[in-house]
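Please find my notes on this model below, as numbered points.

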Amino acid sequence: MTGQRFGRLVVLYNTGERRGGQVVWRCHCDCGNEVDVRGGNLTSGRTTSCGCYNRERVAEAHTVHGMARYGKQHPVYDAWTHMIQRCENPNDPAYKNYGARGITVCEEWHDAKAFIEWALAHGWQEGLSIDRIDNDKGYSPDNCRWATWKEQQRNKRNNHLITFNRKTQTLAEWAEEVGVKRHVLNNRINVLHWPIERALSI
């Protein structure tokens, strides 16, 4: 199922866990979160997001923002909502990696209109997500850009960077380049402790 899309979720890899007799898959949500989901919940359509879809519908029911299009929220407004929630709502699943870590949203961007205007003037396109250039700093015009999922993955603070033959890439990028599944390459390096050259050559 790796690479398949189910609603807002794209399957990344098999976690090796089982719940209720079903394989558990790590998935990337369009909103930027990652979540573990049982295979049956994906194929049945029971789970189609990390939970953000339901939160958005609740927010939409209680928020007047002037950016609606045919009853649906503007994609940039969605990005603004997720940014505020993960930095300021302790009940948000991503809060532990953002607000709890001291990541804040600048005063200017507490105004959704100001954020949307900045986004539209600074490269926002469908499929891109907001990315902090310095992961130890908050969300502000001078520390943010719009990036693809791959670019964001490379910029994650917990990335495992590997240098081989004077080339430095993330573990995921090396796995893609040499044609080895990411979890296999991870096991070779971090569990079996193979030398980098051997891990990337077999």
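Which residue stands opposite Leu9 in β2? Phe6 does. The points below set that pair in context.

1. Basis. This is a predicted model, in which local features need pLDDT of at least 70 and side-chain atom pairs count only at pLDDT 80 or more, while totals for chains, interfaces and linings use all residues. Residues are numbered from 1 along each chain as its sequence is written, and side-chain values use heavy atoms, with hydrogens and water left out.

2. Confidence. The pLDDT (the predictor's confidence in each residue, from 0 to 100) averages 83 over the protein. A score of at least 70 is reached by 85% of the residues. Residues 68-72 are the stretch to treat separately: pLDDT there is below 50. Beyond near neighbours in sequence, that stretch has 4 contacts in the model. Contact means heavy atoms within 4.5 Å.

3. The four-stranded sheet. The order is β1-β2-β3-β4, the sheet is open, and the pairing is antiparallel. Strands are DSSP runs of E with at least two residues, helices are runs of H or I with at least four, and both are numbered from the N terminus. Two strands pair if DSSP finds at least two bridges between them. β1 (5-6) and β4 are the edge strands, each pairing on one side only.

4. β1 with β2. These antiparallel strands are joined by 2 bridges. Phe6 faces Leu9, and Arg5 stands opposite Val10.

5. β2 with β3. Here 7 bridges join β2 (residues 9-19) to β3 (residues 22-29), again antiparallel. Leu9 also stands opposite Cys29 in β3. Val10 likewise has a β3 partner, His28. The hairpin has 2 residues between its strands, and Gly20 in the turn shows a positive phi of about 60°.

6. β3 with β4. The strands run antiparallel, with 5 bridges joining β3 to β4 (residues 34-38). Trp25 has Val37 as its bridge partner in β4. This hairpin has 4 residues between the strands. Gly32 in the turn has a positive phi of about 110°.

7. A separate hairpin, β9 with β10. Strand β9 (residues 161-164) and strand β10 (residues 167-170) run antiparallel and share 4 bridges. Leu161 is bridged to Thr170 in β10. There are 2 residues between the strands, and Asn165 takes a positive phi near 55°.

8. α3 against α4. Helix α3 (residues 75-88) packs on helix α4 (residues 112-121) at an angle of about 120°, with the axes 9 Å apart. Axes are lines fitted to C-alpha atoms, for helices over the stretch in contact, and angles run from 0 to 180 degrees between N-to-C directions. The two helices are therefore oblique to each other. By the cut-offs used, angles under 35 degrees are roughly parallel, over 145 roughly antiparallel, 65 to 115 roughly perpendicular, and the rest oblique. The crossing of α3 past α4 is right-handed. A crossing is right-handed if the near helix is turned clockwise from the far one by less than a right angle, and left-handed if anticlockwise. On the α3 side, Val76, Tyr77, Ala79, Trp80 and Met83 meet Ala112, Phe115, Ile116, Ala119 and Leu120 of α4. By class, this contact has 10 nonpolar, no polar and no charged residues. Ala, Val, Leu, Ile, Met, Phe, Trp, Tyr, Cys and Pro count as nonpolar, Asp, Glu, Lys and Arg as charged, and the others, Gly among them, as polar.

9. Tyr98. This residue sits in the loop between α3 and α4. Not counting residues up to four places away in sequence, Tyr98 touches Arg86, Cys87, Ile103, Arg132 and Tyr139. Tyr98 and Gly138 are 40 residues apart in sequence, yet 8.7 Å apart in space, C-alpha to C-alpha.

10. α6 against α7. Helix α6 (residues 171-178) and helix α7 (residues 182-191) pack at about 115°, with their axes 9 Å apart. They are therefore roughly perpendicular to each other. α6 passes α7 in a right-handed crossing. Leu171, Ala172, Trp174 and Ala175 in α6 meet Arg182, Leu185, Asn186 and Asn190 in α7. By class, the contact of α6 with α7 has 5 nonpolar, 2 polar and 1 charged residues.
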